[in-house]
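Trainee: Can you show me how to read the packing of helices in a model?
Mentor: Gladly. Let's take a look together.

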Amino acid sequence: RDPLLRADAAALAESPHDPAAWTAVLALRPDHPGAPLRLAEAAALAGDWDEAEREYLTAGTYFQAKGQ
C-alpha cells in the first residue's frame with residue numbers, strides 16, 4: 001500500500017473540497033489522478049470558473065495521456 005494514498009484519504013475525508021488540501025496532495029504526488037478534478041470541483045463551488053476550467057483541462061490532459 002502507498003502511504004501517501006492513505007494519508008490522502010485520511011486528510012481529505014474531512015474536507016474533500018478544500019483546495020489547499022488538494023494542492024498539498026499535488027505537491028507530494030504530481031501524478032495524482034484525482035487531484036485536478038477535485039481542484040476543479042472546489043473552484044467551481046467557489047464560483048471561480050476560470051480556475052475550474054483550467055483544472056478540468058489539466059485533468060482531461062492527464063487522462064488522455066494515460067489512454068483513459
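Trainee: At what angle do helix α3 and helix α4 pack?
Mentor: Remember that this is a predicted model. Helix α3 spans residues 35-45 and helix α4 spans residues 49-65. They pack at about 165°, and their axes lie 8 Å apart. Angles over 145 degrees count as roughly antiparallel, so α3 is roughly antiparallel to α4. Their crossing is left-handed.

Trainee: Which residues in α3 and α4 meet?
Mentor: From α3 come P36, L37, L39, A40, E41, A43 and A44. From α4 come W49, E51, A52, E55, Y56, T58, A59 and F63. Sorted by class, this contact has 11 nonpolar residues, one polar and three charged.

Trainee: Which residues are buried in α3?
Mentor: Start with the general idea. An α-helix has 3.6 residues a turn, so residues three or four places apart point the same way. Now the case here. A35, P36, L39, A40, A42 and A43 are buried in α3. These residues lie on the same side of α3 because their arc around the axis is only 165°.

Trainee: What do the buried residues of α3 pack against?
Mentor: They pack against α2, residues 19-28, and against α4.

Trainee: Which residue just after α3 has a positive phi?
Mentor: That is G47, with a phi of about 80°.

Trainee: How many helices and strands are there in the protein?
Mentor: Four helices and zero strands. Along the sequence, the pattern reads α-α-α-α. Of the 68 residues in the protein, 24% are buried.

Methods:
Residues numbered from 1 in each chain as written. Predicted model: local features only at pLDDT ≥ 70, side-chain atom pairs only at ≥ 80, totals over all residues. Heavy atoms only, no water. Axes fitted to C-alpha atoms, helices over the stretch in contact; angles between N-to-C directions. Helix = DSSP H or I, 4+ residues; strand = E, 2+ residues; numbered from the N terminus. Parallel < 35°, antiparallel > 145°, perpendicular 65-115°, else oblique. Left-handed = near helix turned anticlockwise from the far one by under 90°. Contact = heavy atoms within 4.5 Å. Nonpolar A, V, L, I, M, F, W, Y, C, P; charged D, E, K, R; others polar. Buried < 20%, exposed > 50% of the residue type's maximum accessible area, 1.4 Å probe, protein only. Arc of directions from axis to C-beta.
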